[in-house]
Amino acid sequence: MVTTDSAAPVRNPRKHQGRAIAANRGPTVGQSIGKLLVWLALGALAVLVIYPLLWMIFSSFKDNSEVFAHPFGLPSELRWENFVEAGNAGVVRYLTNSVLVTAISILTTTLISAWAAYGLVRLKIPFGGPVVLLLLGGLMLAPTVALIPLFGLLQQLHIYNTLWALMVLYTAFRIPFTTFLIRAYMIDLPTEVDEAAVLDGASRGQIFWQIILPMCRPILVSAALLQALFAWNEFVFALVFLSDGELKTLPVGLMDMQSRLLTNWPVQFAGLTMAALPMLVLFLIGQRQFLRGLSDGMGK
Amino acid sequence: MRISIERWKTWVWVAPAVALLVVFVYYPIVENIRLSFFSWSAFSASPAFVGFDNYVTAANDPVFWHSLWNNGLYAIISLIFQVGLALVLAALLEEVVHQRLRGLLRTIYFIPATISITVAGILFSFIYNPQIGLLNRALSAVGLGSFAQDWLGNPGTAIYGVIAMSQWQSIGYTAVLFVVAMQRIPRELYEAAKVDGAGHVRTFFSITVPLLREMTTLVVILTLSGAFLVFNEVMVMTAGGPSNSSQVLNTWLYHNAFLADDMGYAAAIGTVIFVITFSISAAQILITRRRRVQW
């Protein structure tokens with residue numbers, strides 16, 4: 001629809017003949033300068049993007065005086081003790097809590113969502129339409145809006161100030177998105193496979209666990225990855241529903257630590273580096289999977 | 001019409017999802033709207049009905065309007081960087097850069113997006129720090145030392161400092177989303193344009209931009225709703241200060257609920273946020289349901 005009218009003028013070869021000939025003779029001075037400028041801009045952006053992180057890593061090996069005296073360069077020696085100190089100051093505890101909450105919520109979110117998606121795609125559920133609407137609405141609700149009532153609700157359920165609170169909320173708030181993600185994939189699966197299994201006497205549950213879930217593996221991996229990113233970074237709920245310092249997850253714990261360590265800069269930097277590393281490594285290892293997961297998430 | 005018990009049994013499949021949604025997502029949001037018509041604090045025995053008082057308070061509260069303004073500022077600057085510039089960046093990566101380097105640059109640009117907002121926020125508060133910060137030193141190094149200042153401690157610059165961090169973190173992310181979408185555009189279109197003598201700029205506006213319309217719409221909507229959901233970065237970097245200059249709606253809600261203990265007013269701010277973000281998402285669904293770009 002777009003190309004026909006907007007690209008039409010380009011099809012007139014005479015108008016651009018001069019330029020085409022120039023291109024055949026190799027790049028002109030103007031084109032070379034243009035290319036150079038583009039390269040400079042891309043390079044400068046790369047430095048701008050990556051240098052703050054290098055600064056963080058370099059500074060985490062320095063001592064306090066070196067942070068002040070030589071802020072830009074490499075550390076004079078590798079002071080691993082900064083990392084030990086940051087670990088003892090809470091980072092290890094926060095990492096453990098974050099891993100726990102993230103892992104459990106990945107499991108519950110993907111399973112409950114896949115379970116619901118299967119029901120919606122393959123079975124004629126009474127009032128299935130309203131259920132889809134309920135899920136769709138859930139996509140559009142901002143978490144902070146629920147903050148104040150949740151505060152009371154979690155206290156009544158006696159899970160306020162426990163990691164359970166985060167696990168339950170991270171699951172509930174991500175079910176709509178994850179269900180739609182998996183549902184879109186399941187719709188394209190051939191129905192013959194499960195019809196054949198029904199004829200062989202398999203129950204719906206067996207079909208789900210033994211046939212459907214394995215077939216959905218690619219989208220389940222994407223769903224798990226997107227959930228991991230969400231749970232690992234979630235801040236609002238972790239800030240409001242945990243008061244015990246021992247229970248804090250990384251995003252809130254680090255903020256806590258920052259106010260405790262104040263001007264012990266190298267240890268602060270070491271803590272940040274330790275917190276940034278897991279996701280960074282995961283990304284560098286599984287880059288392809290990562291990007292596919294993200295574009296899956298956009299295409300819902 | 002009677003629905004047999006057999007068919008009701010299929011609710012086993014959706015019951016867990018529906019139950020969690022109703023209890024932990026829908027009930028609190030409905031309850032929030034109800035509570036916004038009451039005056040109460042965490043320690044008051046029973047909320048008192050006050051009608052629209054909390055909304056009148058908001059309308060007369062300069063900090064509320066300033067927060068809304070900051071959210072708007074966030075949206076506009078994010079649109080310029082994360083949609084406009086990211087689109088150009090993606091096109092440059094795809095069109096100008098050779099295959100091998102392209103992958104490396106893409107990886108570099110994307111890396112900040114893998115770091116949590118808290119880490120990025122604390123890191124940038126160090127970069128802006130007048131004692132150890134890179135920014136002031138870099139300014140001095142290039143002879144612009146007179147601009148050096150306490151970026152997050154100055155009411156005039158604090159919110160821009162936060163917004164700048166956000167652009168650093170997200171521009172590579174949206175650029176990569178655009179790159180992925182660009183790779184789905186058939187190469188023949190570009191080759192045909194090249195044969196016809198169209199330059200890079202011409203190709204960008206005649207082929208790339210129109211064919212990326214769907215992804216662009218999606219990124220615009222996500223950027224817009226993201227700008228009204230901002231919370232984490234502001235809390236970590238400035239907590240809304242100095243003197244409320246960098247408050248956004250979410251931090252102002254948090255402040256009133258948990259620091260000023262005016263739960264009713266906080267609930268009213270929550271309802272405003274709900275209306276704004278719900279409208280943006282509804283617009284997304286209406287727009288993306290329309291006919292998709294075909295080629």
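# Core and chain contacts in a predicted two-chain model

Me: In this predicted model, which residues have the most contacts inside the largest nonpolar core?
Reply: The largest nonpolar core of the predicted model has 166 residues. Those with the most contacts inside this core are A:Leu166, B:Ala90, B:Phe178 and B:Ile269.

Me: Which helix gives the largest share of this core?
Reply: The core has 166 residues, with A:Leu166 among those that have the most contacts inside it. Its largest share, 14 residues, comes from residues 163–187 of chain A, which form helix α8.

Me: With which residues is B:Phe178 in contact, leaving aside its neighbours within four places in sequence?
Reply: B:Phe178 is one of the residues with the most contacts inside the largest nonpolar core. Once its neighbours within four places in sequence are left aside, the residues in contact with B:Phe178 are B:Ala86, B:Leu87, B:Ala90, B:Leu212 and B:Met215.

Me: Which element gives the most to the side of chain A that touches chain B?
Reply: Between the two chains, 80 residues of chain A are in contact with 77 residues of chain B. On the side of chain A, the residues divide into 62 nonpolar, 14 polar and 4 charged. The element that gives the most to this side, with 10 residues, is α3(A).

Me: Are α3(A) and α5(B) parallel or oblique to each other?
Reply: Helix α3 (residues 29–59) of chain A and helix α5 (residues 99–114) of chain B have axes 9 Å apart and pack at an angle of about 40°. Their crossing is left-handed, and at that angle the two helices are therefore oblique.

Me: How many residues of the contact of α3(A) with α5(B) are nonpolar?
Reply: From α3(A) the contact takes A:Leu42, A:Ala46, A:Val49, A:Ile50 and A:Leu53, while α5(B) brings B:Leu105, B:Ile108, B:Tyr109, B:Ile111 and B:Pro112. No polar and no charged residues take part, and the nonpolar ones number 10.

Me: Is α14(A) roughly parallel or roughly antiparallel to α6(B)?
Reply: The axes of helix α14 (residues 265–285) of chain A and helix α6 (residues 117–127) of chain B come within 10 Å and cross at roughly 150°. Because angles over 145 degrees count this way, α14(A) is to α6(B) roughly antiparallel.

Me: Which residues of α6(B) does α14(A) meet?
Reply: The crossing of α14(A) past α6(B) is left-handed, and the contact holds 6 nonpolar residues, with no polar and no charged ones. From α14(A) come A:Leu272, A:Ala275 and A:Ala276, and the residues they meet in α6(B) are B:Val119, B:Ile122 and B:Leu123.

Me: How many of the 11 residues of helix α13 of chain B are buried?
Reply: Helix α13 (residues 249–259) of chain B is mostly covered. Its buried residues include B:Trp252, B:Tyr254 and B:His255, and of the 11 residues in the helix the number buried is 9.

Me: Is B:Ser243 buried or exposed?
Reply: B:Ser243 lies in the loop between α12 (232–237) and α13 of chain B, and its phi is positive, about 40°, although the residue is not a glycine. Because B:Ser243 has 10 C-beta neighbours inside 10 Å, it counts as exposed.

Me: Is B:Asn244 buried or partly exposed?
Reply: B:Asn244 also has its place in the loop between α12 and α13 of chain B, and its phi, near 65°, is positive in a residue other than glycine. Since B:Asn244 has 17 C-beta neighbours inside 10 Å, it counts as partly exposed.

Notes: Residues are numbered from 1 along each chain as its sequence is written. Chains are lettered from A and ligands numbered from 1 in the order in which they are written. This is a predicted model: local features need pLDDT of at least 70, side-chain atom pairs count only at pLDDT 80 or more; totals for chains, interfaces and linings use all residues. Axes are lines fitted to C-alpha atoms, for helices over the stretch in contact, and angles run from 0 to 180 degrees between N-to-C directions. Helices (H or I, at least four residues) and strands (E, at least two) are DSSP runs, numbered from the N terminus. Angles under 35 degrees count as roughly parallel, over 145 as roughly antiparallel, 65 to 115 as roughly perpendicular and the rest as oblique. A crossing is left-handed if the near helix is turned anticlockwise from the far one by less than a right angle, and right-handed if clockwise. Two residues are in contact if their C-beta atoms, placed from the backbone, lie within 7 Å. Ala, Val, Leu, Ile, Met, Phe, Trp, Tyr, Cys and Pro count as nonpolar, Asp, Glu, Lys and Arg as charged, and the others, Gly among them, as polar. A residue is buried if 20 or more other C-beta atoms lie within 10 Å of its own, exposed if 12 or fewer, and partly exposed in between; C-beta atoms are placed from the backbone. A nonpolar core is a set of buried Ala, Val, Leu, Ile, Met, Phe, Trp, Tyr and Cys residues joined through C-beta atoms within 7 Å.
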